[in-house]
Amino acid sequence: MILGVDLSYWQVSVLRSLGILVAVLLPAGTFVYVFLFKMVSFMQSRLGPMEAGPFGSMQLLAEVGKFLQKEDIVPERADRRLFKLAPYFVVGTVLLVYLAVPFGPDMYFANLKGGVFYILAVSSISSLGVLMAGWSSANKYALIGGLRAAGQLIAYELPLVLAVVGVIIQAGTMNLSEIVSAQAGGSIFGFDGIGNPYLLTQFIAFGIFMIAVQAELGQTPFDMPIAESELVTGYITEYSGLRFLLFFIGEFASAGAFAAVAATLFLGGWAVPAAWADLNSNWFNLFGPLIMLVKMMILGGLIFFVRFTFPRFREDQLQKLAWTVLIPISLVNILATTILKVAF
Amino acid sequence: MSQFLRDYLTVAIFSGITVGLLSGVLALGKLVRPVRPQGAKYLSYESGVDPVGDGWAQSPIRYYVFALLFVLFDVEAVFIFPWAIQLEVYGWFGAIEMIVFIVLLSLGLLYAWRKKVLQWI
């Protein structure tokens, strides 16, 4: 039943799939406009795009139009099939991540029991696409960029996974809807006025998660794979036109996806604390996505603020940070959470 | 069909839609964009110089030990997740079991660290 109309199962699936496209493209577009075009411009004392539409808000559509008109070039030395296949992996996996994220009591696409596990599994497939793009281009810059990306992604996959374990121990479930309601209905030392957003109890895990996300996205302190001053643009050097645009969309859509996942795991997702309102009311199917969007924008702002503020890590510093700092801390966090959970 | 399988059927349907959508966008581009082939356009890009040698140059992969460690810890994560859900059921027994498990793995990491394989040479 959607809006009083009876739909068969496959029709509901198709509707949900269309909904997901909106859920992916809307935050990705907003991220690019608000943060990449405007926020960075103001940080650098300039205006950013102002010509297309009011305050340059149509700039994104103009860019898409530009990329549509560019000639499609596949270098003659490249491995044609892999070269054309790589963008599918990078963009497709981001779309699949959104599938498990709930946006309201009934506003989910698939209520997977192992939601967190599914998200971690699917999001790591995109590194395969990056490696494919780097290898198939038959270009030295692209190859080095792809290998660096692979090394970075495997190093930061672990802190990401281990940080999430703390949240799962506290919630006792891997289903994202249940994690949201556990946070909304929780209490801190008997005080339930603000629920129990895991940001407060799992702040170490939150810090590690956001650092690892920054690295998984290849955003600036960790942008060694596409370091423009030494590798041109790394693994996307040979891509042009529409395929380049797909990589670009993939980058910002995955920033949105990880912001959504972090908002769900640490900030309480679509819900407000259960003491404030009846969370099962139908209104939350309307307000849930908006609350979620606000939380995503806060986390996206954090990601892009860090991106435009810090200088780039060197490759060895980057590996050292993951293996000798983040992984030991996240293991300690798991142990501490375990002991506290069992003791209380 | 059980609810569990239905959820993953949604995943399968949506993967199909994703592939269809991306092919659709790329096919749309084919209608709009110009095609003016010239030999020089298809050379590999090497900062404006003619490409030297083969694109698939041999380069040292310095982090194969990291990759091995990654496999080790990723398998560990597979064990930790189901345990984390059931922790409330197992209580102190489960907690101590997992503490022993994680301490053993940390010793492995510490050994690798002392053997200086966590260094970029």
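**How the helices and chains are described**

Author: In this predicted model, the crossing of α6(A) and α2(B) is left-handed.

Reader: Why are α6(A) and α2(B) called roughly parallel to each other?

Author: Helix α2 of chain B covers residues 64-90, and α6(A) packs with α2(B) at an angle of about 15 degrees, their axes being 10 Å apart. Angles under 35 degrees count as roughly parallel, and therefore α6(A) and α2(B) are described as roughly parallel.

Reader: Which residues make the contact between α6(A) and α2(B), and how do they divide by class?

Author: On α6(A) the residues include Gly151(A), Ile154(A), Leu158(A) and Val165(A), while those on α2(B) include Phe66(B), Phe70(B), Asp74(B) and Ile80(B). The residues of this contact divide into 18 nonpolar, one polar and one charged.

Reader: What makes α2(A) and α11(A) oblique to each other?

Author: Helix α2 of chain A, residues 59-68, crosses α11(A) at roughly 140 degrees, and the two axes come within 7 Å. Angles over 145 degrees count as roughly antiparallel and those from 65 to 115 as roughly perpendicular, with the rest, apart from angles under 35, counting as oblique; α2(A) and α11(A) are therefore oblique.

Reader: Which residues of α2(A) and α11(A) meet?

Author: Val64(A), Phe67(A) and Leu68(A) of α2(A) meet Gly241(A), Leu242(A), Phe244(A) and Leu245(A) of α11(A). By class, this contact has six nonpolar residues, one polar residue and no charged ones.

Reader: How do you know whether Val91(A) is buried or exposed?

Author: Val91(A), which lies in helix α3 of chain A, has 26 other C-beta atoms within 10 Å. A residue counts as buried if 20 or more such atoms lie within that distance, so Val91(A) is buried.

Reader: Which residues does Val91(A) touch, not counting residues up to four places away in sequence?

Author: With those sequence neighbours left out, Val91(A) touches Leu246(A), Ile249(A) and Gly250(A), and also Leu22(B) from chain B. Val91(A) and Glu251(A) are 160 residues apart in sequence, yet 8.1 Å apart in space from C-alpha to C-alpha.

Reader: How many residues does the contact between the chains take from each, and which helix of chain A gives the most to the side that touches chain B?

Author: The contact takes 61 residues from chain A and 54 residues from chain B. Helices α1, α3, α6, α11 and α13 of chain A each supply at least two residues of the side that touches chain B, and α13(A) gives the most, with 14 residues. The residues on that side of chain A divide into 34 nonpolar, 14 polar and 13 charged.

Notes:
Residues are numbered from 1 along each chain as its sequence is written. Chains are lettered from A and ligands numbered from 1 in the order in which they are written. This is a predicted model: local features need pLDDT of at least 70, side-chain atom pairs count only at pLDDT 80 or more; totals for chains, interfaces and linings use all residues. Two residues are in contact if their C-beta atoms, placed from the backbone, lie within 7 Å. Helices (H or I, at least four residues) and strands (E, at least two) are DSSP runs, numbered from the N terminus. Ala, Val, Leu, Ile, Met, Phe, Trp, Tyr, Cys and Pro count as nonpolar, Asp, Glu, Lys and Arg as charged, and the others, Gly among them, as polar. Axes are lines fitted to C-alpha atoms, for helices over the stretch in contact, and angles run from 0 to 180 degrees between N-to-C directions. A crossing is left-handed if the near helix is turned anticlockwise from the far one by less than a right angle, and right-handed if clockwise. A residue is buried if 20 or more other C-beta atoms lie within 10 Å of its own, exposed if 12 or fewer, and partly exposed in between; C-beta atoms are placed from the backbone.
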